[in-house]
Amino acid sequence: MKWLTAIMMATQIATAAVGATASAQTAPALTPQQKQELSTYDFKGAATALEAQANQPAPKPGPLTPIPPLTVPPVVSRNPVTQHSQTNTPADKGSEVPMNWRPPHAELNAAAVSAAEVSHQWETGVATPTPGADGRAVYIFGQGMPVMVCAPLRVCAIELQTGEHLESQPQIGDSRRWEITPVLSGSGLDETPLLIVKPIEAGLETDLIVSTDRRTYVFRLVSDPTRFVSRLSFQYPGEDAAKWAVFQARQDAAKHDAEAVAEQAREKDKRAGVVPLAENALDNLYFDYKLNGDAAYRPQQVFDDGLHTYLIYPNDGRFRELPTLLIQVNGKSELVNFRVENTNGGSRYIVDRLFDKAILVVGVGKKQTRVTITRATPYSGSTGKRS
């Protein structure tokens, strides 16, 4: 060991000598003991030993020593207040994490478990799309979670309803590896919003929420190496029901307007003295009635429309009192009520039935006047139609 110490000291001296040439202030001073050791050291023998070691052949390299596995130091507690602080043992050593340790989780009550199950069933349920126009995969909105499958280097489009407007930016679970770009197709009332979907790599899965002014969409996005859906759109059953409701309301409004117009026409005809006719009256009008009796009390015209019988009189005040109408039914006379409508052109007596023979009676006693009205062609019973 002495010779090794001497070599080190000699090295220090040589270094000091070199440094002295550069700067005399950096040379270290030797102690008396070091000077004594240097005066008695065998420098020549040490040099011979070093030369012999340098001339020896280098040993052949042996097999590589395997790299030991990386050892991760145990996790230590960073809590400054430990149990060790209450005793005399050191508190800086910490403690290792137990092998069966698991991160804490929230406990779910029955309502939360039920809600999660309902959501899981909806997300994993099979919502089968149907073929649509121009290669669209058409889903029924609200019946399951629609799945958009896209592939890297492909562009896939989600088509919303015409006239629908995005309320905010679509929210996606993995915004780093999926690109969602909104675009518009068409203009004016035919403007249709689309969402362009592009995955960066295959094997990805996330979800997408889109909020519009009409509804909220929830999608499942899946990236496949080769398979993809070019266009995805929806069918809206609720919108179809609303369209039918609007159509029915329009029909009801049109019917109400038509009835109002018809009522106005009837009122106008009544003021003008036009005889109202039943439905399909032109096909059922019948005028072949025979009149017998006092000509002064005979109607100007008698006809029926298949449902009603009309007796037309001029407005000359010939009747001081309403006449009586008797109808012959099975050989017996029956009193029949009728209504009178006065117009500018005259008066009409309307009987709400048909008859084969009737007697119009005016006055009483010896001054009674009768007019017989006979239908040339008998009608076919109570239906009021001709036979």
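Colleague: Which strand order does the open sheet with mixed pairing have?

Modeller: The order is β3-β9-β8-β5. That open sheet has 4 strands. Keep in mind that this is a predicted model.

Colleague: Which strands sit at the edges of that sheet?

Modeller: β3, residues 147–150, and β5. Each of them pairs on one side only.

Colleague: How many bridges join β3 to β9?

Modeller: There are 4 bridges. The two strands run parallel, and β9 covers residues 216–223.

Colleague: What stands opposite cysteine 150 in β9?

Modeller: Serine 223 does. Cysteine 150 also forms a disulfide with cysteine 156.

Colleague: How far apart are their sulfur atoms?

Modeller: They are 2.2 Å apart. The angle about the S-S bond is 90°, and the link is right-handed.

Colleague: Are those two cysteines buried or exposed?

Modeller: Both cysteine 150 and cysteine 156 are buried.

Colleague: How many disulfides does a search of the whole structure find?

Modeller: The search finds 1 disulfide.

Colleague: New topic. What is the order of the open sheet with antiparallel pairing?

Modeller: That one runs β12-β13-β17-β16, again with 4 strands. Its edge strands are β12, residues 301–304, and β16. Each edge strand pairs on one side only.

Colleague: By how much are neighbouring strands of this sheet turned against each other?

Modeller: By 20° on average, with direction ignored.

Colleague: What holds strands of a sheet together, in general?

Modeller: Strands pair through backbone hydrogen bonds, either parallel or antiparallel.

Colleague: Over how many bridges do β13 and β17 pair?

Modeller: Over 6 bridges, in the antiparallel sense. Strand β13 spans residues 309–314 and β17 spans 346–351. Look for leucine 311: its bridge partner in β17 is tyrosine 349.

Colleague: Which residues does phenylalanine 338 touch?

Modeller: Leaving out residues up to four places away in sequence, phenylalanine 338 touches Pro323, Leu325, Tyr349, Ile350 and Val351.

Colleague: Where does phenylalanine 338 lie?

Modeller: In the loop between β15, residues 332–336, and β16, residues 339–343. Phenylalanine 338 and leucine 325 are 13 residues apart in sequence. In space they are 8.0 Å apart, C-alpha to C-alpha.

Colleague: On to arginine 375. Which strand is that in?

Modeller: Strand β19, residues 369–375.

Colleague: Why is arginine 375 called buried?

Modeller: Because its relative accessible area is 4%, and buried means under 20%.

Colleague: What does its side chain make a polar contact with?

Modeller: The side chain of arginine 375 makes one with the side chain of aspartate 304, at 3.1 Å. There is also threonine 377: its backbone oxygen lies 2.4 Å from a polar atom of the arginine 375 side chain.

Colleague: And serine 168, where is that found?

Modeller: In the loop between β4, residues 156–159, and β5, residues 171–172. Serine 168 has a relative accessible area of 42%, so it is partly exposed.

Colleague: How far is serine 168 from valine 210?

Modeller: They are 42 residues apart in sequence. In space the gap is 7.9 Å, C-alpha to C-alpha.

Colleague: Last bit, the whole protein. How many helices and strands are there?

Modeller: The protein has 6 helices and 19 strands.

Colleague: What share of the residues is buried?

Modeller: Buried residues make up 26% of the 387. The protein exposes about 27,600 Å², and carbon and sulfur atoms supply 55% of that.

Note on methods:
Residues are numbered from 1 along each chain as its sequence is written. This is a predicted model: local features need pLDDT of at least 70, side-chain atom pairs count only at pLDDT 80 or more; totals for chains, interfaces and linings use all residues. Side-chain values use heavy atoms; hydrogens and water are left out. Buried means under 20% relative accessible area, exposed over 50%, partly exposed in between (1.4 Å probe, protein chains only). Accessible areas come from the Shrake-Rupley method with a 1.4 Å probe; for residues, only the protein chains shown count as cover. A polar contact is a pair of N or O atoms within 3.5 Å; within protein, one must be able to donate a hydrogen and the other to accept it, and residues adjacent in sequence count only if both atoms are side-chain atoms. Contact means heavy atoms within 4.5 Å. A disulfide is a pair of cysteine sulfur atoms within 2.5 Å. Two strands pair if DSSP finds at least two bridges between them. Axes are lines fitted to C-alpha atoms, for helices over the stretch in contact, and angles run from 0 to 180 degrees between N-to-C directions.
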